[in-house]
Amino acid sequence: MFVVFCPQSIPFAGTILGGFLPGEMVLIQGSVPSGADRFQVDFTCGSSVKPRADVAFHFNPRIKKSCIVCNTLTKECWGREQIHYEMPFRLEVDFELIILILKDQFKVAVNGAHLLEYKHRVELERVDTISISGKVKVQAVGILSPSSSPTSPAGSLTNQDTEMSMRTDSIPFRGQLVNGLSVGRSIIIKGETNQNFLREPAASDWVRHRSPPEPSLEEARFVRNSFLSDCWGHEETVLASFPFTAGQYFEMIIRCDSQHFRVAMNGQHQLDYKHRMKELSAINQVEVKGDVTLLAVRVL
């Protein structure tokens, strides 16, 4: 499962058909506006207002008090608060919140650093809705399923064998995919197109054994192709709209499923690219080049 929500307003509530499963990961990207005092992310059992739905996991950063309060609501009664005295959220600063769902607990990381754990007080099978409220701006909410490979990130948010996260200004950039690519893994690329990002780079072997998209602003084309056995394949260029703007921030998520690469830009699904190389584990590098400032590359 790969689900991306782009909330148009807060409060936001999204229902996951079939509910949440152990190993799934929720990614929330946003920022805390100036003057904000608190916001909350709730994993709930349905979306009933009266009576209020049970809240399996209440994650409530209280910025002015520099603490995070976690709790559970059952039958409209709050349980014992679990208070974490650390505040990774900053006013007017972007954040990436990751909540990993395990069989016995939630594990939370902010901006790539482990933050806290919260043991289940409600059966996970009942949880099917995520809601966000309070003073916060949210750009995207993503739900990622666990990898089917032995190197699933379900074991640890910080295990270097399953997750690669780095910030770099160096272009071209090349990073190793530990143990190769596999179904269920995602590559997240954050960057900003340069003002002179107006031409398509010269053809080379940079997509050998992999097939990332190659954008061109001048011709407003989003080119997808594969370079296998020293030969380029058939270009795919059809796209409803062109998602890049010169000099603007972007976030690209490339999700690998059993048949395709699924590509989302800034929280919106853009395209599917059918695998032309069947041996996914042989895809062992990710490379970024061209007229772009690279901010971060993350592999989940």
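**Notebook: loops, cores and a pocket**

I started with Pro-11, which sits in the loop between strand S1 (2-5) and strand S2 (12-15). Strands here are DSSP runs (E, at least two residues), and helices are DSSP runs too (H or I, at least four), numbered from the N terminus. The bond joining Ile-10 and Pro-11 is a cis peptide bond, with omega about 10°.

The model is predicted, so local features need pLDDT of at least 70 and side-chain atom pairs count only at pLDDT 80 or more, while totals for chains, interfaces and linings use all residues. Residues are numbered from 1 along each chain as its sequence is written, and side-chain values use heavy atoms, with hydrogens and water left out.

**Backbone entries**

I then looked up Pro-51, in the loop between strand S4 (39-44) and strand S5 (55-62). The peptide bond from Lys-50 to Pro-51 is cis, and omega is near -5°. Most residues other than glycine have a negative phi, and most peptide bonds are trans.

Next I checked phi. Asn-111 is not a glycine, yet its phi is positive, about 55°. I found Asn-111 in the loop between S10 and strand S11 (113-119). Asn-111 counts as partly exposed because its relative accessibility is 43%; the cut-offs are under 20% relative accessible area for buried, over 50% for exposed and partly exposed in between (1.4 Å probe, protein chains only).

Ser-229 also has a positive phi, near 55°. Ser-229 lies in the loop between strand S19 (227-228) and strand S20 (231-232). Its relative accessible area is 67%, so Ser-229 is exposed.

**Whole protein**

I counted elements: zero helices and 25 strands. Of the 300 residues, 52% count as buried. I took contact to mean heavy atoms within 4.5 Å. Among contacts between residues at least 6 apart in sequence, 63% join residues at least 24 apart. The protein exposes about 14,300 Å², and carbon and sulfur atoms supply 50% of that area. These areas come from the Shrake-Rupley method with a 1.4 Å probe; for residues, only the protein chains shown count as cover.

**Cores**

A nonpolar core is a set of buried Ala, Val, Leu, Ile, Met, Phe, Trp, Tyr and Cys residues joined through side-chain atoms within 4.5 Å. The largest has 38 residues, and Phe-43 and Phe-59 have the most contacts inside it. S9 gives the largest share of this core, four residues. Another core lies apart from it, with 25 residues, including Ile-189, Phe-250, Tyr-273 and Met-277.

I listed the contacts of Phe-59, leaving aside neighbours within four places in sequence. Among them are Phe-39, Val-41, Ile-68, Cys-70, Phe-89, Leu-97 and Leu-116.

Val-26 came next, in strand S3. Val-26 is buried because its relative accessible area is 0%. Beyond neighbours within four places in sequence, the contacts of Val-26 include Phe-43, Leu-97, Ile-99, Val-141 and Ile-143. Val-26 and Leu-144 are 118 residues apart along the chain, but their C-alpha atoms are separated by 6.4 Å.

**Two loop residues**

Lys-103 is in the loop between S9 and strand S10 (105-110). Lys-103 counts as exposed because its relative accessibility is 73%. Not counting residues up to four places away in sequence, Lys-103 touches Pro-22 and His-120.

Gln-259 is in the loop between S21 and strand S22 (260-265). Its relative accessible area is 42%, so Gln-259 is partly exposed. Leaving aside neighbours within four places in sequence, Gln-259 contacts Tyr-273, Lys-274 and His-275. From Gln-259 to Tyr-273 I noted 8.4 Å, C-alpha to C-alpha, and 14 residues in sequence.

**Largest pocket**

A pocket is an open set of points on a 1 Å grid over the protein atoms alone, where a 1.4 Å probe fits, with protein on both sides within 12 Å along at least five of seven lines; lining residues have an atom within 4 Å of a point. The largest pocket has a volume of about 560 Å³, a volume being the space filled by probe spheres set on the points, which are joined across faces, edges and corners. It is lined by 21 residues, and the closest to its centre are Asp-94, Phe-95, Lys-190, Tyr-249 and Glu-251. S25 supplies the largest share of the lining, four residues.
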